[in-house]
Amino acid sequence: MRHDSVNQALPATPRALTPSTWPQPTGRCFALLGIAALLLALDAWVALGAAAMVLLAFALDARAGAGLDQVEINVQAPERLSLGADATLQLELHSRVDRDLSLELALDARAELLPGLVPEDAADDRAGAETWRVRLRAGSSLPMDIPLRARTRGRFRIEALDLRITAPAGLAAVPARAALGVEIEVVPGWHEAREQRLRAAFARQRGGQHLQRRRGAGTVFESLAEYTQGDDPRHLDWKATARRRTPVVRRYETERRQNVVVVCDTGRWMAERIEGGDAVFPRERLDAALGAACALGQVAHEWGDHLGLMLFDERVQVLELPGPRVWRGLPSRLAEVRSHSVESDYARALVELTRRVRRRSLIVLISDVLGPEVSGPLSASFAALGKRHLPLFVALSDPRLDAAARAEVKTPRELHRRAAALELLHDRAKTLESMRRSGIDVLDVGQASATTALIDRYLELKRGGRL
(Lines give C-alpha, C1' and ligand atoms only; values in the text may rest on other atoms or scores of the structure.)
Protein backbone atom coordinates (compact mmCIF):
# COMPACT_ATOMS: atom_id res chain seq x y z
CA MET A 1 0.00 0.00 0.00
CA ARG A 2 1.53 3.29 -1.08
CA HIS A 3 1.63 6.12 1.41
CA ASP A 4 1.85 9.53 -0.14
CA SER A 5 3.22 12.22 2.08
CA VAL A 6 1.81 15.68 1.84
CA ASN A 7 3.66 18.62 0.52
CA GLN A 8 3.36 20.06 4.04
CA ALA A 9 1.75 18.56 7.13
CA LEU A 10 -0.37 20.62 9.44
CA PRO A 11 1.24 21.06 12.87
CA ALA A 12 -0.04 19.02 15.77
CA THR A 13 -2.61 21.02 17.72
CA PRO A 14 -4.16 20.06 21.07
CA ARG A 15 -7.96 19.76 21.21
CA ALA A 16 -10.05 19.66 24.34
CA LEU A 17 -13.03 17.37 24.95
CA THR A 18 -16.49 18.68 25.61
CA PRO A 19 -19.64 16.72 26.54
CA SER A 20 -21.89 16.24 23.50
CA THR A 21 -25.04 14.76 25.16
CA TRP A 22 -26.18 13.36 28.49
CA PRO A 23 -24.52 10.20 29.84
CA GLN A 24 -25.85 7.04 28.21
CA PRO A 25 -26.58 3.65 29.85
CA THR A 26 -24.36 0.79 28.71
CA GLY A 27 -25.31 -2.80 27.97
CA ARG A 28 -24.40 -3.74 31.54
CA CYS A 29 -26.85 -1.17 32.88
CA PHE A 30 -29.66 -2.48 30.67
CA ALA A 31 -28.86 -6.04 31.77
CA LEU A 32 -29.22 -5.08 35.44
CA LEU A 33 -32.51 -3.31 34.72
CA GLY A 34 -33.70 -6.46 32.97
CA ILE A 35 -32.90 -8.51 36.06
CA ALA A 36 -34.78 -5.97 38.18
CA ALA A 37 -37.78 -6.39 35.88
CA LEU A 38 -37.73 -10.17 36.41
CA LEU A 39 -38.18 -9.55 40.12
CA LEU A 40 -41.73 -8.40 39.35
CA ALA A 41 -42.66 -12.07 39.41
CA LEU A 42 -41.73 -12.15 43.13
CA ASP A 43 -42.70 -8.73 44.42
CA ALA A 44 -43.40 -5.41 42.70
CA TRP A 45 -41.84 -3.35 45.49
CA VAL A 46 -38.68 -5.43 45.40
CA ALA A 47 -38.47 -4.95 41.61
CA LEU A 48 -38.97 -1.18 41.93
CA GLY A 49 -36.33 -0.98 44.65
CA ALA A 50 -33.85 -2.94 42.57
CA ALA A 51 -34.51 -0.72 39.55
CA ALA A 52 -34.06 2.42 41.66
CA MET A 53 -30.73 1.10 42.98
CA VAL A 54 -29.54 0.41 39.42
CA LEU A 55 -30.53 3.93 38.31
CA LEU A 56 -28.80 5.47 41.33
CA ALA A 57 -25.68 3.44 40.59
CA PHE A 58 -25.88 4.63 36.96
CA ALA A 59 -26.04 8.29 38.07
CA LEU A 60 -23.11 7.90 40.47
CA ASP A 61 -21.08 6.03 37.86
CA ALA A 62 -21.78 8.71 35.23
CA ARG A 63 -20.62 11.40 37.64
CA ALA A 64 -17.44 9.51 38.46
CA GLY A 65 -16.74 8.90 34.79
CA ALA A 66 -16.82 12.49 33.66
CA GLY A 67 -13.28 13.89 33.91
CA LEU A 68 -13.42 15.21 30.35
CA ASP A 69 -11.23 18.19 31.20
CA GLN A 70 -8.46 15.74 32.11
CA VAL A 71 -8.25 14.28 28.59
CA GLU A 72 -6.59 16.09 25.69
CA ILE A 73 -6.17 15.13 22.04
CA ASN A 74 -3.39 16.16 19.68
CA VAL A 75 -4.04 15.76 15.97
CA GLN A 76 -1.71 15.98 12.98
CA ALA A 77 -3.16 15.61 9.49
CA PRO A 78 -1.96 15.87 5.91
CA GLU A 79 -2.67 19.16 4.23
CA ARG A 80 -2.71 17.72 0.71
CA LEU A 81 -3.22 14.24 -0.70
CA SER A 82 -2.85 12.85 -4.18
CA LEU A 83 -6.02 11.23 -5.52
CA GLY A 84 -5.99 7.52 -4.70
CA ALA A 85 -3.06 7.78 -2.28
CA ASP A 86 -2.96 6.53 1.30
CA ALA A 87 -2.01 8.58 4.33
CA THR A 88 -2.63 8.64 8.06
CA LEU A 89 -4.36 10.93 10.48
CA GLN A 90 -2.15 10.94 13.58
CA LEU A 91 -3.91 11.23 16.92
CA GLU A 92 -2.39 11.26 20.39
CA LEU A 93 -4.59 10.99 23.46
CA HIS A 94 -3.24 12.39 26.74
CA SER A 95 -4.87 11.44 30.05
CA ARG A 96 -4.33 13.03 33.44
CA VAL A 97 -7.00 10.85 35.05
CA ASP A 98 -5.77 8.54 37.84
CA ARG A 99 -7.51 5.47 36.38
CA ASP A 100 -7.62 3.59 33.10
CA LEU A 101 -10.18 4.76 30.56
CA SER A 102 -12.12 2.61 28.10
CA LEU A 103 -12.80 4.67 24.98
CA GLU A 104 -14.74 4.29 21.77
CA LEU A 105 -13.70 6.72 19.03
CA ALA A 106 -15.33 7.65 15.73
CA LEU A 107 -14.37 10.30 13.18
CA ASP A 108 -16.96 12.71 11.86
CA ALA A 109 -15.64 12.78 8.29
CA ARG A 110 -16.76 12.17 4.73
CA ALA A 111 -16.51 8.63 3.43
CA GLU A 112 -14.44 9.75 0.43
CA LEU A 113 -11.45 10.06 2.78
CA LEU A 114 -11.86 6.93 4.89
CA PRO A 115 -11.37 3.54 3.20
CA GLY A 116 -14.04 0.90 3.48
CA LEU A 117 -16.30 2.60 6.02
CA VAL A 118 -19.49 2.98 3.99
CA PRO A 119 -21.04 0.27 1.77
CA GLU A 120 -21.56 1.05 -1.90
CA ASP A 121 -25.33 1.45 -1.59
CA ALA A 122 -25.27 3.50 1.61
CA ALA A 123 -27.54 6.53 1.50
CA ASP A 124 -25.47 8.44 4.06
CA ASP A 125 -21.99 9.54 3.05
CA ARG A 126 -20.87 10.20 6.61
CA ALA A 127 -18.40 7.73 8.06
CA GLY A 128 -19.15 8.14 11.73
CA ALA A 129 -20.35 4.55 12.18
CA GLU A 130 -16.79 3.15 12.17
CA THR A 131 -15.43 3.02 15.72
CA TRP A 132 -12.13 2.18 17.37
CA ARG A 133 -12.04 0.76 20.90
CA VAL A 134 -8.95 1.62 22.90
CA ARG A 135 -7.80 1.61 26.51
CA LEU A 136 -6.01 4.70 27.77
CA ARG A 137 -3.81 3.97 30.76
CA ALA A 138 -3.88 6.25 33.81
CA GLY A 139 -1.75 9.35 33.35
CA SER A 140 -0.30 8.19 30.02
CA SER A 141 -0.46 8.96 26.30
CA LEU A 142 -1.74 6.77 23.48
CA PRO A 143 -0.75 7.40 19.83
CA MET A 144 -3.15 6.32 17.07
CA ASP A 145 -2.77 6.24 13.29
CA ILE A 146 -6.08 6.31 11.44
CA PRO A 147 -5.78 5.38 7.73
CA LEU A 148 -7.03 7.80 5.10
CA ARG A 149 -7.47 7.23 1.39
CA ALA A 150 -8.25 10.00 -1.06
CA ARG A 151 -11.05 8.70 -3.29
CA THR A 152 -12.45 11.91 -4.76
CA ARG A 153 -10.96 15.26 -5.75
CA GLY A 154 -11.79 18.37 -3.73
CA ARG A 155 -11.49 19.79 -0.24
CA PHE A 156 -12.69 17.66 2.65
CA ARG A 157 -13.13 18.46 6.29
CA ILE A 158 -12.81 16.19 9.29
CA GLU A 159 -15.12 18.00 11.63
CA ALA A 160 -14.57 16.26 14.94
CA LEU A 161 -13.65 13.16 16.87
CA ASP A 162 -16.56 11.62 18.78
CA LEU A 163 -15.77 9.58 21.91
CA ARG A 164 -17.63 7.49 24.46
CA ILE A 165 -15.82 7.18 27.80
CA THR A 166 -17.02 4.22 29.84
CA ALA A 167 -17.44 5.05 33.54
CA PRO A 168 -15.57 3.02 36.23
CA ALA A 169 -18.42 0.63 37.04
CA GLY A 170 -19.31 0.15 33.39
CA LEU A 171 -22.90 1.32 33.83
CA ALA A 172 -22.60 4.68 32.07
CA ALA A 173 -20.87 5.98 28.98
CA VAL A 174 -20.15 9.68 28.75
CA PRO A 175 -20.29 11.00 25.13
CA ALA A 176 -17.73 13.64 24.28
CA ARG A 177 -16.61 15.50 21.20
CA ALA A 178 -13.30 17.06 20.20
CA ALA A 179 -13.65 19.63 17.45
CA LEU A 180 -10.87 18.98 14.92
CA GLY A 181 -11.73 21.20 11.96
CA VAL A 182 -9.05 19.55 9.81
CA GLU A 183 -9.18 20.34 6.09
CA ILE A 184 -7.52 18.04 3.55
CA GLU A 185 -7.18 18.90 -0.11
CA VAL A 186 -7.28 15.99 -2.55
CA VAL A 187 -5.61 16.91 -5.83
CA PRO A 188 -5.29 14.90 -9.05
CA GLY A 189 -1.89 13.46 -9.89
CA TRP A 190 0.03 15.29 -7.16
CA HIS A 191 2.22 12.28 -6.39
CA GLU A 192 2.91 11.64 -10.10
CA ALA A 193 3.55 15.35 -10.75
CA ARG A 194 6.30 15.46 -8.14
CA GLU A 195 7.85 12.28 -9.49
CA GLN A 196 7.80 13.56 -13.07
CA ARG A 197 9.22 16.93 -12.08
CA LEU A 198 12.12 15.25 -10.28
CA ARG A 199 12.64 13.09 -13.35
CA ALA A 200 12.69 16.16 -15.60
CA ALA A 201 15.15 17.95 -13.30
CA PHE A 202 17.42 14.91 -13.38
CA ALA A 203 17.26 14.83 -17.18
CA ARG A 204 18.32 18.47 -17.32
CA GLN A 205 21.26 17.82 -15.03
CA ARG A 206 22.33 14.94 -17.25
CA GLY A 207 22.66 17.20 -20.26
CA GLY A 208 19.11 18.14 -21.15
CA GLN A 209 19.86 21.88 -20.97
CA HIS A 210 20.78 21.92 -24.66
CA LEU A 211 17.13 21.37 -25.46
CA GLN A 212 16.48 25.01 -24.62
CA ARG A 213 19.13 26.38 -26.96
CA ARG A 214 19.10 25.12 -30.53
CA ARG A 215 20.51 27.15 -33.40
CA GLY A 216 18.64 26.91 -36.65
CA ALA A 217 15.04 27.55 -37.56
CA GLY A 218 14.16 29.39 -34.41
CA THR A 219 12.54 32.78 -34.05
CA VAL A 220 14.83 34.61 -31.60
CA PHE A 221 17.86 36.47 -33.02
CA GLU A 222 21.11 35.07 -31.63
CA SER A 223 24.08 36.50 -33.62
CA LEU A 224 25.57 37.48 -36.99
CA ALA A 225 27.93 35.07 -38.75
CA GLU A 226 29.65 34.67 -42.09
CA TYR A 227 27.63 32.73 -44.62
CA THR A 228 28.60 29.06 -44.90
CA GLN A 229 27.31 26.35 -47.19
CA GLY A 230 23.95 25.14 -45.94
CA ASP A 231 22.80 28.42 -44.42
CA ASP A 232 19.36 29.63 -45.47
CA PRO A 233 19.80 32.48 -48.01
CA ARG A 234 16.65 34.05 -46.62
CA HIS A 235 18.60 34.88 -43.47
CA LEU A 236 21.16 37.06 -45.25
CA ASP A 237 21.62 40.42 -43.53
CA TRP A 238 22.20 42.82 -46.41
CA LYS A 239 23.33 45.77 -44.31
CA ALA A 240 25.95 43.69 -42.49
CA THR A 241 26.99 42.12 -45.82
CA ALA A 242 27.55 45.57 -47.32
CA ARG A 243 29.61 46.71 -44.36
CA ARG A 244 31.83 43.61 -44.25
CA ARG A 245 31.83 43.06 -48.04
CA THR A 246 31.19 39.35 -47.44
CA PRO A 247 27.92 37.45 -47.10
CA VAL A 248 26.61 37.62 -43.52
CA VAL A 249 23.61 35.72 -42.17
CA ARG A 250 21.50 36.21 -39.10
CA ARG A 251 21.60 33.21 -36.76
CA TYR A 252 18.53 32.31 -34.77
CA GLU A 253 17.89 30.02 -31.84
CA THR A 254 14.83 28.20 -30.72
CA GLU A 255 12.91 30.25 -28.17
CA ARG A 256 13.79 29.43 -24.63
CA ARG A 257 10.21 29.61 -23.42
CA GLN A 258 7.59 27.90 -25.53
CA ASN A 259 3.87 27.69 -24.87
CA VAL A 260 2.16 24.51 -23.72
CA VAL A 261 -1.65 24.61 -23.51
CA VAL A 262 -3.48 21.72 -21.84
CA VAL A 263 -7.09 21.34 -22.99
CA CYS A 264 -9.30 19.02 -20.93
CA ASP A 265 -12.75 17.84 -21.95
CA THR A 266 -15.08 17.93 -18.92
CA GLY A 267 -18.24 16.75 -20.70
CA ARG A 268 -20.35 13.63 -20.50
CA TRP A 269 -17.77 11.35 -22.07
CA MET A 270 -15.18 12.23 -19.42
CA ALA A 271 -17.70 11.92 -16.59
CA GLU A 272 -17.95 8.18 -17.10
CA ARG A 273 -16.57 6.23 -14.17
CA ILE A 274 -14.22 3.36 -14.90
CA GLU A 275 -13.97 0.49 -12.47
CA GLY A 276 -10.46 0.12 -11.13
CA GLY A 277 -8.84 -1.09 -7.95
CA ASP A 278 -11.49 0.66 -5.88
CA ALA A 279 -14.86 -0.98 -6.52
CA VAL A 280 -16.82 1.35 -4.25
CA PHE A 281 -15.47 4.58 -5.71
CA PRO A 282 -14.47 4.04 -9.37
CA ARG A 283 -12.56 6.85 -11.03
CA GLU A 284 -13.75 9.21 -13.71
CA ARG A 285 -11.89 9.54 -16.97
CA LEU A 286 -11.53 13.18 -16.00
CA ASP A 287 -9.42 12.17 -12.98
CA ALA A 288 -6.77 10.68 -15.27
CA ALA A 289 -6.90 13.70 -17.57
CA LEU A 290 -6.43 16.20 -14.76
CA GLY A 291 -3.67 14.13 -13.20
CA ALA A 292 -1.77 14.13 -16.50
CA ALA A 293 -2.38 17.88 -16.87
CA CYS A 294 -1.02 18.53 -13.38
CA ALA A 295 2.14 16.54 -14.09
CA LEU A 296 2.69 18.19 -17.48
CA GLY A 297 2.33 21.62 -15.88
CA GLN A 298 5.06 20.82 -13.35
CA VAL A 299 7.44 19.41 -15.98
CA ALA A 300 6.83 22.24 -18.44
CA HIS A 301 7.70 24.72 -15.71
CA GLU A 302 10.87 22.76 -14.95
CA TRP A 303 11.89 23.18 -18.60
CA GLY A 304 11.07 26.87 -18.58
CA ASP A 305 7.97 26.68 -20.79
CA HIS A 306 4.82 28.70 -20.22
CA LEU A 307 1.66 26.77 -19.37
CA GLY A 308 -1.89 27.52 -20.44
CA LEU A 309 -5.10 25.77 -19.38
CA MET A 310 -8.49 25.28 -20.98
CA LEU A 311 -11.48 23.35 -19.59
CA PHE A 312 -14.62 22.97 -21.65
CA ASP A 313 -17.82 21.00 -22.18
CA GLU A 314 -20.74 22.58 -24.05
CA ARG A 315 -19.02 25.90 -23.43
CA VAL A 316 -15.58 27.05 -22.32
CA GLN A 317 -15.44 26.84 -18.52
CA VAL A 318 -11.85 27.99 -17.98
CA LEU A 319 -9.29 29.56 -20.30
CA GLU A 320 -5.99 30.73 -18.85
CA LEU A 321 -3.57 31.99 -21.46
CA PRO A 322 0.01 30.70 -21.31
CA GLY A 323 2.07 32.58 -18.79
CA PRO A 324 4.70 32.17 -16.08
CA ARG A 325 2.20 31.95 -13.21
CA VAL A 326 -0.44 29.52 -14.49
CA TRP A 327 1.39 26.50 -13.07
CA ARG A 328 1.29 28.01 -9.57
CA GLY A 329 -1.64 26.64 -7.63
CA LEU A 330 -2.58 24.41 -10.56
CA PRO A 331 -3.21 21.30 -8.40
CA SER A 332 -5.65 23.21 -6.18
CA ARG A 333 -7.57 24.58 -9.17
CA LEU A 334 -7.78 21.17 -10.80
CA ALA A 335 -9.01 19.62 -7.55
CA GLU A 336 -12.21 21.66 -7.81
CA VAL A 337 -12.98 20.80 -11.47
CA ARG A 338 -16.20 18.86 -11.97
CA SER A 339 -17.50 16.95 -14.97
CA HIS A 340 -20.92 17.69 -16.44
CA SER A 341 -23.45 15.41 -18.12
CA VAL A 342 -23.59 17.40 -21.33
CA GLU A 343 -22.24 16.93 -24.84
CA SER A 344 -18.93 18.69 -25.38
CA ASP A 345 -18.75 21.29 -28.15
CA TYR A 346 -15.25 20.70 -29.54
CA ALA A 347 -15.59 23.08 -32.46
CA ARG A 348 -16.66 25.99 -30.29
CA ALA A 349 -13.89 25.41 -27.75
CA LEU A 350 -11.11 25.06 -30.32
CA VAL A 351 -12.24 28.10 -32.29
CA GLU A 352 -12.09 30.12 -29.07
CA LEU A 353 -8.64 28.68 -28.35
CA THR A 354 -7.37 29.63 -31.82
CA ARG A 355 -8.73 33.15 -31.42
CA ARG A 356 -7.13 33.71 -28.02
CA VAL A 357 -3.81 31.88 -28.35
CA ARG A 358 -1.95 33.50 -31.24
CA ARG A 359 1.61 32.38 -30.65
CA ARG A 360 2.66 28.89 -31.80
CA SER A 361 2.03 26.44 -28.96
CA LEU A 362 1.86 22.78 -28.15
CA ILE A 363 -1.87 22.12 -27.77
CA VAL A 364 -2.52 18.98 -25.70
CA LEU A 365 -6.15 17.87 -25.88
CA ILE A 366 -7.08 15.07 -23.46
CA SER A 367 -10.30 13.19 -24.27
CA ASP A 368 -11.30 10.09 -26.23
CA VAL A 369 -13.02 9.25 -29.50
CA LEU A 370 -15.62 6.87 -30.86
CA GLY A 371 -16.50 6.40 -34.50
CA PRO A 372 -15.93 8.93 -37.29
CA GLU A 373 -19.57 10.06 -37.20
CA VAL A 374 -19.45 10.93 -33.49
CA SER A 375 -15.90 12.26 -33.32
CA GLY A 376 -15.78 13.91 -36.76
CA PRO A 377 -16.18 17.48 -35.43
CA LEU A 378 -13.36 16.89 -32.96
CA SER A 379 -11.00 15.60 -35.65
CA ALA A 380 -11.76 18.41 -38.09
CA SER A 381 -11.51 21.21 -35.53
CA PHE A 382 -8.34 19.91 -33.94
CA ALA A 383 -6.62 19.28 -37.28
CA ALA A 384 -7.26 22.92 -38.22
CA LEU A 385 -5.03 23.97 -35.32
CA GLY A 386 -2.05 22.43 -37.11
CA LYS A 387 -1.75 25.46 -39.41
CA ARG A 388 -0.38 27.51 -36.51
CA HIS A 389 0.12 25.19 -33.55
CA LEU A 390 1.45 21.72 -32.78
CA PRO A 391 -1.61 19.57 -31.87
CA LEU A 392 -1.24 16.51 -29.63
CA PHE A 393 -4.32 14.41 -28.92
CA VAL A 394 -4.24 12.15 -25.86
CA ALA A 395 -6.88 9.44 -26.26
CA LEU A 396 -7.79 7.76 -22.96
CA SER A 397 -8.79 4.21 -23.82
CA ASP A 398 -11.51 2.29 -21.99
CA PRO A 399 -10.18 -0.97 -20.49
CA ARG A 400 -13.70 -2.40 -20.41
CA LEU A 401 -13.88 -2.38 -24.21
CA ASP A 402 -10.62 -4.30 -24.46
CA ALA A 403 -11.82 -6.81 -21.87
CA ALA A 404 -15.18 -7.26 -23.60
CA ALA A 405 -13.48 -7.79 -26.97
CA ARG A 406 -11.29 -10.55 -25.52
CA ALA A 407 -13.94 -12.17 -23.32
CA GLU A 408 -14.83 -15.80 -23.77
CA VAL A 409 -18.17 -16.30 -25.49
CA LYS A 410 -20.62 -18.84 -24.05
CA THR A 411 -24.06 -17.36 -24.69
CA PRO A 412 -25.69 -15.36 -27.50
CA ARG A 413 -25.78 -12.33 -25.20
CA GLU A 414 -22.01 -12.54 -24.67
CA LEU A 415 -21.53 -12.94 -28.42
CA HIS A 416 -23.46 -9.71 -29.10
CA ARG A 417 -21.51 -7.94 -26.36
CA ARG A 418 -18.19 -9.01 -27.84
CA ALA A 419 -19.25 -8.07 -31.37
CA ALA A 420 -20.31 -4.60 -30.17
CA ALA A 421 -16.99 -4.10 -28.37
CA LEU A 422 -15.00 -5.14 -31.44
CA GLU A 423 -17.01 -2.76 -33.62
CA LEU A 424 -16.43 0.15 -31.22
CA LEU A 425 -12.70 -0.59 -31.05
CA HIS A 426 -12.52 -0.75 -34.86
CA ASP A 427 -14.32 2.59 -35.22
CA ARG A 428 -12.09 4.13 -32.57
CA ALA A 429 -8.90 2.92 -34.27
CA LYS A 430 -10.20 4.20 -37.61
CA THR A 431 -10.85 7.64 -36.14
CA LEU A 432 -7.41 7.85 -34.53
CA GLU A 433 -5.73 6.81 -37.77
CA SER A 434 -7.68 9.49 -39.63
CA MET A 435 -6.45 12.06 -37.09
CA ARG A 436 -2.84 10.95 -37.62
CA ARG A 437 -3.20 11.30 -41.40
CA SER A 438 -4.49 14.85 -40.93
CA GLY A 439 -1.29 15.84 -39.09
CA ILE A 440 -2.39 15.37 -35.48
CA ASP A 441 0.10 13.70 -33.16
CA VAL A 442 -1.96 10.99 -31.40
CA LEU A 443 -1.11 9.33 -28.10
CA ASP A 444 -3.39 6.33 -27.45
CA VAL A 445 -2.95 5.26 -23.82
CA GLY A 446 -4.75 3.75 -20.87
CA GLN A 447 -5.65 5.87 -17.90
CA ALA A 448 -3.03 4.31 -15.63
CA SER A 449 -0.15 5.14 -17.99
CA ALA A 450 -1.45 8.47 -19.34
CA THR A 451 0.79 10.68 -17.21
CA THR A 452 4.08 8.93 -17.97
CA ALA A 453 3.29 8.58 -21.67
CA LEU A 454 2.37 12.27 -21.98
CA ILE A 455 5.57 13.43 -20.27
CA ASP A 456 7.64 11.14 -22.49
CA ARG A 457 6.01 12.58 -25.62
CA TYR A 458 6.51 16.15 -24.40
CA LEU A 459 10.24 15.57 -23.84
CA GLU A 460 10.48 13.80 -27.20
CA LEU A 461 9.00 16.87 -28.91
CA LYS A 462 11.46 19.07 -27.07
CA ARG A 463 14.41 16.97 -28.17
CA GLY A 464 13.23 16.96 -31.75
CA GLY A 465 12.95 20.74 -31.79
CA ARG A 466 9.33 20.51 -32.93
CA LEU A 467 7.96 22.63 -30.11
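Here is a short chat about how this predicted model is put together.

Reader: Before we start, what pLDDT do local features need here?
Author: Residues are numbered from 1 along each chain as its sequence is written, and side-chain values use heavy atoms, with hydrogens and water left out. This is a predicted model in which totals for chains, interfaces and linings use all residues and side-chain atom pairs count only at pLDDT 80 or more, while local features need pLDDT of at least 70.

Reader: How many helices and strands are in the protein chain?
Author: Helices (H or I, at least four residues) and strands (E, at least two) are DSSP runs, numbered from the N terminus. On that basis the protein chain has 12 helices and 21 strands.

Reader: What share of the 467 residues counts as buried?
Author: Buried means under 20% relative accessible area, exposed over 50%, and partly exposed in between (1.4 Å probe, protein chains only). With that cut-off, the buried share of the 467 residues is 46%.

Reader: And what percentage of the contacts with a separation of 6 or more comes from residues 24 or more positions apart?
Author: A contact means heavy atoms within 4.5 Å. Among contacts in the protein chain with a separation of 6 or more, the part from residues 24 or more positions apart is 77%.

Reader: Is Gln298 buried or exposed?
Author: Gln298 lies in helix H6. Not counting residues up to four places away in sequence, Gln298 touches Trp190, Ala193, Arg197, Trp327 and Pro331. Its relative accessible area is 6%, so Gln298 is buried.

Reader: On which side of helix H8 do the exposed residues sit, and which residues are they?
Author: The buried residues of H8 (residues 346-356) are Tyr346, Ala349, Leu350 and Leu353. They cover an arc of only 90° around the axis (taken from the directions from the helix axis to the C-beta atoms), so they are on the same side of H8. The face turned away from that buried side carries the exposed residues Val351 and Arg355.

Reader: Which residue caps the N-terminal end of H8?
Author: Look for a side-chain oxygen 3.5 Å from the backbone nitrogen of Ala347. The residue that supplies this oxygen and caps the helix is Asp345.

Reader: Where does Leu319 sit, and which residues does Leu319 touch?
Author: Leu319 is found in strand E18 (residues 316-323). Setting aside residues up to four places away in sequence, Leu319 touches Leu309, Met310, Glu352, Leu353 and Arg356.

Reader: What is the centre to centre distance for Phe312 and Tyr346?
Author: Rings of Phe, Tyr and Trp (its six-membered ring) pair if their centres lie within 6.5 Å; planes under 30 degrees apart count as stacked, over 60 as edge-to-face and the rest as tilted. The count comes to two aromatic pairs. Phe312 and Tyr346 form an edge-to-face pair with 70° between the planes, and their centre to centre distance is 5.6 Å.

Reader: Which elements hold Phe312 and Tyr346?
Author: Both residues are buried. The pair links distant parts of the chain, 34 residues apart: Phe312 is in strand E17 (residues 306-312) and Tyr346 in helix H8.

Reader: What angle lies between the planes of Phe382 and Phe393?
Author: Phe382 is in helix H9 (residues 372-384) and Phe393 in strand E20 (residues 390-396). Both are buried. The pair is edge-to-face at 6.3 Å centre to centre, and the angle between the planes is 65°.

Reader: Is Arg245 buried or exposed?
Author: Arg245 is found in the loop between helix H4 (238-244) and strand E13 (248-253). Arg245 has a positive phi of about 60° although it is not a glycine. With a relative accessible area of 79%, Arg245 is exposed.

Methods
Polar contact = N/O pair within 3.5 Å; in protein donor to acceptor, adjacent residues only side chain to side chain.
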